[in-house]
Amino acid sequence: MALDAGNLDARNALGGIKLMENDAAGALVEFQSILALNPENNPALFGRGLAKRGLGDAAGGNTDMTGARRAAPAVSNDFWDAGLVPNP
């Protein structure tokens with residue numbers, strides 16, 4: 001079964017799975033592709049920040065995560081529930 005490229009929720013979940021598997025590069029690709037379709041997708045922006053941090057770009061990651069939290073303060077909750085970030 002193929003992933004529907006337009007299903008951004010499923011693609012965000014896939015990006016999260018890649019983060020859980022320590023595949024920051026794969027997660028970055030997934031979150032970047034979501035943001036190309038919808039630049040205001042805050043879960044993808046937050047996830048991209050986590051992926052950037054995982055790849056050693058702490059400043060870029062923090063910028064993305066802060067921007068996502070500014071637009072949607074609870075955006076980190078799903079990532080926190082999955083154990084990917086400390087307490088939001």
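User: Taking buried as under 20% relative accessible area, exposed as over 50% and partly exposed as in between (1.4 Å probe, protein chains only), is phenylalanine 79 buried or exposed?
Analyst: This is a predicted model, in which local features need pLDDT of at least 70 and side-chain atom pairs count only at pLDDT 80 or more, while totals for chains, interfaces and linings use all residues. Residues are numbered from 1 along each chain as its sequence is written, and side-chain values use heavy atoms, leaving out hydrogens and water. With a relative accessible area of 8%, phenylalanine 79 is buried.

User: Which helix holds the aromatic partner of phenylalanine 79?
Analyst: The whole structure contains 1 aromatic pair (ring centres of Phe, Tyr or Trp, the last by its six-membered ring, within 6.5 Å; planes under 30 degrees apart are stacked, over 60 edge-to-face, the rest tilted). Phenylalanine 46 and phenylalanine 79 form this tilted pair, 5.1 Å centre to centre with 45° between the planes. Because phenylalanine 79 lies in helix H5 (residues 77-81), the pair ties together parts 33 residues apart in sequence, and phenylalanine 46 belongs to helix H3 (residues 42-54).

User: How are H2 and H3 oriented to each other?
Analyst: Helix H2 (residues 24-37) packs against H3 at an angle of about 150°, with the axes 8 Å apart, and their crossing is left-handed. Since angles over 145 degrees count as roughly antiparallel, under 35 as roughly parallel, 65 to 115 as roughly perpendicular and the rest as oblique, H2 and H3 are roughly antiparallel.

Definitions and conventions:
Helices (H or I, at least four residues) and strands (E, at least two) are DSSP runs, numbered from the N terminus. Axes are lines fitted to C-alpha atoms, for helices over the stretch in contact, and angles run from 0 to 180 degrees between N-to-C directions. A crossing is left-handed if the near helix is turned anticlockwise from the far one by less than a right angle, and right-handed if clockwise.
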